[in-house]
Amino acid sequence: MVSVYKEKIALWDWYEAECVSSTNDEIRQLVPQCGKYIAISAKRQTGGRGRRGHIWREGEGNLYFTFSMELNVEELSRFVCLVGLSLAETLLEKSPQSDVKIKWPNDVFISGKKISGILIEKIDNGLWAIGIGVNIAVAPEIANVEYKTGSLYESGIMLDRIEFLRYYLAKFASVMERYQTEGFKPLKEQWLGLALNYRQQICIKTEKNVKNGEFAALDDNGYLMLRTDSGMERIVAGDLFV
Ligand code: BTN
């Protein structure tokens, strides 16, 4: 598929395609020709995928994009939080009165409905693909998930897909700058201030089992700390339910 160079946004050379299977796959093709720091968006995405084997359905006017980022694997879990925090902050800056929440690890909800999801995959040694879907205009239903979907449009936030992309990449670059100068702690506090179910009883489904407990904290690596009957457990990956 032909991707057309558009402009530089913050650290990234941004390309756009008419229709791709998945922007997370497209970026793997583009990086060798176009350089390490690129962003690719598509007007249509026919084979979008989500975390843990879910699909990500397209809807006319919605945003699908992936950008690349170099980072050490030890920083990945913190980075997962920063990607979601930047999304939530983009929305709050544009619509301060909206009920924006982050559901661990990094889904973004408005008024209890999922607006955006993030899929981070490895491209190459040290280079990662951060794929983001944002329901700008419509809220496609996704089969076999426990949440409802919403859109920015139905929440009264009138941003088009490209405006959102520009705001987001600039916001993410500034959050990364803060991370480099101030460290993770203040950003983690901000993340917790927006977290759904923080300090509440939750249930985490991992690949292997289900754990119940209180969402007690995020540790300094960005992992969820679950207070269970048998003590504190560090949760690296899973889905959160109430
Ligand atoms: C999730 O909530 O499960 C994550 C959804 C991630 C969807 C985005 S859309 C752009 C990029 N390309 C994909 O195939 N997936 C991500």
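Let's start at a loop. Arg199 sits between helix H4, residues 185–193, and strand S10, residues 201–205. Keep in mind that this is a predicted model. Arg199 is not a glycine, yet its phi is positive, about 65°. Is Arg199 buried or exposed? Its relative accessible area is 58%, over the 50% cut-off, so Arg199 is exposed.

There is a second residue of this kind. Ala10 is also no glycine, and its phi is positive too, near 50°. Look for Ala10 in the loop between strand S1, residues 3–9, and S2. Ala10 has 40% relative accessibility, so it counts as partly exposed.

One more backbone feature. Which residues does a cis peptide bond join? Trp104 and Pro105, with omega at about 5°. Pro105 is in the loop that runs from strand S5, residues 100–103, to strand S6, residues 107–110.

Now step back to the whole chain. It has four helices and 14 strands. The C-alpha atoms fill a box of roughly 55 × 35 × 35 Å along the principal axes. How does the radius of gyration sit against a compact globule? For 242 residues, such a globule would come out near 18 Å; this chain has 17 Å, so the two agree. Of those 242 residues, 55% count as buried. Take the contacts with a separation of 6 or more: 61% of them are between residues 24 or more positions apart.

The accessible area is about 11,200 Å². Carbon and sulfur atoms hold 48% of that. On charges, the chain carries 30 positive and 32 negative. Their mean positions are 3 Å apart.

Next, the inside. The largest nonpolar core has 57 residues. Phe67, Ile132, Phe164, Tyr168, Phe172 and Trp191 have the most contacts inside it. Helix H3, residues 161–182, gives the largest share of this core, ten residues. There is also a second, separate core of twelve residues, which includes Val20, Ile27, Leu30 and Leu127.

Zoom in on Ile132. Set aside its neighbours within four places in sequence. What does Ile132 contact? Among its partners are Leu63, Tyr64, Phe65 and Phe67. Val83, Leu87 and Tyr168 are on the list as well.

Thr23 belongs to H1, residues 23–34. Thr23 is at 2% relative accessibility, so it counts as buried. Beyond four places in sequence, Thr23 contacts Ile40, Ser41, Ala42 and Gln45, and also Tyr64, Phe65 and Thr66. Thr23 and Ala39 are 16 residues apart in sequence; their C-alpha atoms are 9.2 Å apart.

Ser22 is in the loop between strand S2, residues 12–20, and H1. With a relative accessible area of 4%, Ser22 is buried. Which residues does Ser22 touch, not counting those up to four places away in sequence? Gln45, Gly47 and Arg49.

That takes us to Gly47. This glycine lies in the loop between strand S3, residues 38–45, and strand S4, residues 63–70. Its relative accessible area is 31%, so Gly47 is partly exposed. Not counting residues up to four places away, Gly47 touches Val20, Ser21 and Ser22. Gly47 and Ser21 are 26 residues apart in sequence, yet 4.4 Å apart in space, C-alpha to C-alpha.

Conventions
Residues are numbered from 1 along each chain as its sequence is written. This is a predicted model: local features need pLDDT of at least 70, side-chain atom pairs count only at pLDDT 80 or more; totals for chains, interfaces and linings use all residues. Side-chain values use heavy atoms; hydrogens and water are left out. A nonpolar core is a set of buried Ala, Val, Leu, Ile, Met, Phe, Trp, Tyr and Cys residues joined through side-chain atoms within 4.5 Å. Buried means under 20% relative accessible area, exposed over 50%, partly exposed in between (1.4 Å probe, protein chains only). Helices (H or I, at least four residues) and strands (E, at least two) are DSSP runs, numbered from the N terminus. Contact means heavy atoms within 4.5 Å. The radius of gyration is taken over C-alpha atoms; the globule rule is 2.2 Å times the number of residues to the power 0.38. Accessible areas come from the Shrake-Rupley method with a 1.4 Å probe; for residues, only the protein chains shown count as cover. Lys and Arg count as positive and Asp and Glu as negative; His and the chain ends are not counted. The place of a charge is taken as NZ of Lys, CZ of Arg, CG of Asp or CD of Glu.
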